[in-house]
Amino acid sequence: ANPAFYSGRQATLLSIQDLTRHRASQGEVERERLISQLQTSLLFLTEPVHDSMSSPVSCSLNTSVAEAIRLMNRQKADALTVVGPEYQLVGIVTDRDIRTRLVGAGLDTRTPVSRIMSAPVVTVDESAPVFEAVMREHDQGVGHLAVLDANGNLVGITRSSRMLRPDRYSPVVLTRQAQSAETMDDLTACHERLPCVIGSLVDNGALSQNICQVTTSVSDAIANRIIELTIEEMGPPPARFAFIALGSEARKEQTLATDQDNALIYEDHSESEQEDEVRRYFLRFGELVCDRLDQAGYRYCDGDNMARNRRWNQPLRQWKRYFHDWIREPDEQALIRCNVFFDCRCIYGDQSLLDELWHEIGAAQEAHPGFLSHMALNTLRYRAPVGLFGKIVTRHAGEARDTFSVKEAMLPIANFARLYALRHHLEETNTFERLEQLHSGGVLVDDSYRAISQAYGHLMQLRLRRQVDRLKAGLSADNLVDPGSLTEIETATLKNTFSQISLIQKKVSYEFRVST
């Protein structure tokens, strides 16, 4: 045997091993880089639009296109907002509008911008996350959005799709994949990837309301696609209908441990034969949609508050009777229903059916003013788990031993926001948005608004953190938190949150003259 042969072969093997280790190391570095980019991208997508918008460049309706072009060149803008005499937003003119509607049509540059502008303008709230702006641009087929403040005033212009490539960002990818899914397997896969996206957002400190916005957008897209596939299978609906989300889904506050809560409203028919046909269609439709939501990962509601339940799959007139009965005689069972059904949002179908129902609800509420006092009890029944010496009280038995439910801790604030939204006839369903409207309407002073919003945000963050940690450990997501797992700062913040709940309960007790 030739020693030189073995020596050379050994050297070759060592070189190969070194190269392999080097490539593995490079692979790990690349993997970490991609993860870092993804996390940064996810965090950016949840930043408010206000942070990335540009100041609006505006002109009047009578401004000539020639002057508009000069103005855009001076300001280095690719879009002009067109405003009326009171600076109200009436239209928008973009580079594309000038190319297609002026040059393409052979019009003179002295033509007023009112002839080529796009109207009405698609808008977005300045506090909305960039993710929502990207999806709105995509859904509406526009390149620019006008940014409005809480009072509806024009404050900026955004073109989110230019700032990023949506195909690189997981929330957008998941939503679009759900919208274009062809099979239930595709939709299930979208839902299975959601925890990874939410985990990245939680790990990077994204605001809880923005994280819920992502979760809701994906779940809405999945539900919409399931409904579309079901209609393709069953044929066109025999009547107008609205598929309604209830509870946390309606409030746009879905987490990773949420079941499905939904209902179905369809238009009234006077002919009994036709009504039977309509009823049979929608009952079957409700069964299929709820079954497929369960298959996709949104488990059945334990309380059977679903469109597959005949009771919650009814014509509009029956829904009006339900709410009239609950408002007229708000017994314990009625109040349980109100907790679920007074948070409702149309996620597919004819919004006007829900609008008509809410008109009836408002009339019934005016006819029975004492109803809200009964609703107020929902806010007062919760007792914060804090002992005499400030120690957080936990459960003493079962699997939930040494924990408290963060979901239960959030209910008083959600109930508070719903109660005052009903009192002041607000249309918002999201708790954060309800609180913001109550603040802008003078119902909540600055300090109270900030404290309550921060308390709700902290509890939601704690809830999401718990669920993400459970899933990473290979366990099912739940809402149970062990106070012993919290840092001193987190514990102090939690106790302060509980104190805010006590304060809003006192406010409700005083203003509605009720007590438990």
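Two cavities of 30 Å³ or more were counted. A cavity is a set of points, on a 1 Å grid over the protein atoms alone, where a 1.4 Å probe fits but cannot get out; lining residues have an atom within 4 Å of a point. The model is predicted: local features need pLDDT of at least 70, side-chain atom pairs count only at pLDDT 80 or more, and totals for chains, interfaces and linings use all residues. Residues are numbered from 1 along each chain as its sequence is written, and side-chain values use heavy atoms, without hydrogens and water.

The largest cavity holds about 50 Å³ of space. Its lining comprises 10 nonpolar residues, no polar and no charged ones. Among them are Ile244, Ile265, Trp319 and Leu354. At least two lining residues come from each of β7 (241-246), β8 (262-266), α11 (316-328) and α13 (351-367).

The second largest cavity holds about 40 Å³. Ser219, Ala223, Glu249, Gln254, Gln260, Leu293 and Tyr298 line this space. Three of these residues are nonpolar, three polar and one charged.

Asn339 lies in helix α12 (residues 332-341); helices are DSSP runs (H or I) of at least four residues, and strands (E) of at least two. Its relative accessible area is 25%. Asn339 is therefore partly exposed, a class between buried (under 20%) and exposed (over 50%), with a 1.4 Å probe and protein chains only. Beyond its neighbours within four places in sequence, Asn339 contacts Asn378, Asn415 and Arg418 (heavy atoms within 4.5 Å). The C-alpha atoms of Asn339 and Met375 are 8.4 Å apart, across 36 residues of chain.

Note on methods. 1 Å grid on protein atoms, 1.4 Å probe; cavity = no way out; pocket = protein on both sides within 12 Å on 5 of 7 lines; lining within 4 Å. Points joined across faces, edges and corners; volume = space filled by probe spheres on them. Nonpolar A, V, L, I, M, F, W, Y, C, P; charged D, E, K, R; others polar.
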